[in-house]
Amino acid sequence: MNINDFKHAVGKFPTGVCIITTQYQNQLFGFTANSFVSVSLSPALISFCLDKKALSLKAFEHSAYFVVSILAEGQSSVANKFAYSGAEKFVGADYDINTHQIPMISGSVSYLECKNYQNIDCGDHIIFIGLVEKVSIDDSKKPLLYYGKEYKGLV
């Protein structure tokens, strides 16, 4: 199988876009993800995948909490900013800090505040499962979508 064909095929599956954030040793970490998914209703569990080569891997492995900020239409620039490696992601970014000192990207459609529940080693990624402790929703906004290597709005 050709890896480029594989990437092209899974790129045909439209997804929402979120930024997943945490705080570790007084430093903020975050990345753009479309590997986010609901896992269970009882208990309320979600998951996301993070590349083992990611600079933020250690932070997410050792942090007790993280936040999933589901982005709104019009937030493609912040999605792009958090999609690349680098320590300057939060400079100039608009965010609030929750009670666990985790950043929440301002203007998002919804937020899921999670406790790190379980991590699973899988191929070249780690699957993180989070226990959702609190949600916030802004029903007045529409989500940002990703399809075919492009950000889109709802049709």
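Tutor: Let us begin with a term: a residue is called buried when its relative accessible area is under 20%, exposed when that area is over 50%, and partly exposed in between. Please keep in mind that this is a predicted model.

Student: Is aspartate 138 buried, exposed or partly exposed?

Tutor: Aspartate 138 has a relative accessible area of 26%, so this residue is partly exposed. Its side chain meets that of lysine 141 in a salt bridge, at 3.5 Å from N to O, and lysine 141, at 32%, is partly exposed as well.

Student: How should I think about a salt bridge in general, and how many salt bridges does a search of the whole structure find?

Tutor: Side chains of opposite charge can pair when their charged atoms come close. In this structure, a search of the whole finds 3 salt bridges, including one between aspartate 121 and lysine 52, whose closest N and O atoms are 2.7 Å apart.

Student: Which parts does that pair tie together?

Tutor: Aspartate 121 lies in strand β9, while lysine 52 lies in the loop between β5 and α2, so the pair ties together parts that are 69 residues apart in sequence. Aspartate 121 counts as exposed, because its relative accessibility is 54%, whereas lysine 52, at 34%, counts as partly exposed.

Student: Which residues form a nonpolar patch on the surface?

Tutor: Met1, Ile3, Phe6 and Val10 form such a patch, with about 470 Å² of accessible area together. Isoleucine 3 belongs to helix α1, residues 3-10, and is exposed, with a relative accessible area of 52%.

Methods: Residues numbered from 1 in each chain as written. Predicted model: local features only at pLDDT ≥ 70, side-chain atom pairs only at ≥ 80, totals over all residues. Heavy atoms only, no water. Patch = residues over 30% accessible without salt bridge, like charges linked within 9 Å, V, L, I, M, F, W, Y side chains within 5 Å. Areas by Shrake-Rupley, 256 points an atom, 1.4 Å probe, with all protein chains shown as cover. Salt bridge = Lys/Arg side-chain N within 4 Å of Asp/Glu carboxyl O. Helix = DSSP H or I, 4+ residues; strand = E, 2+ residues; numbered from the N terminus. Buried < 20%, exposed > 50% of the residue type's maximum accessible area, 1.4 Å probe, protein only.
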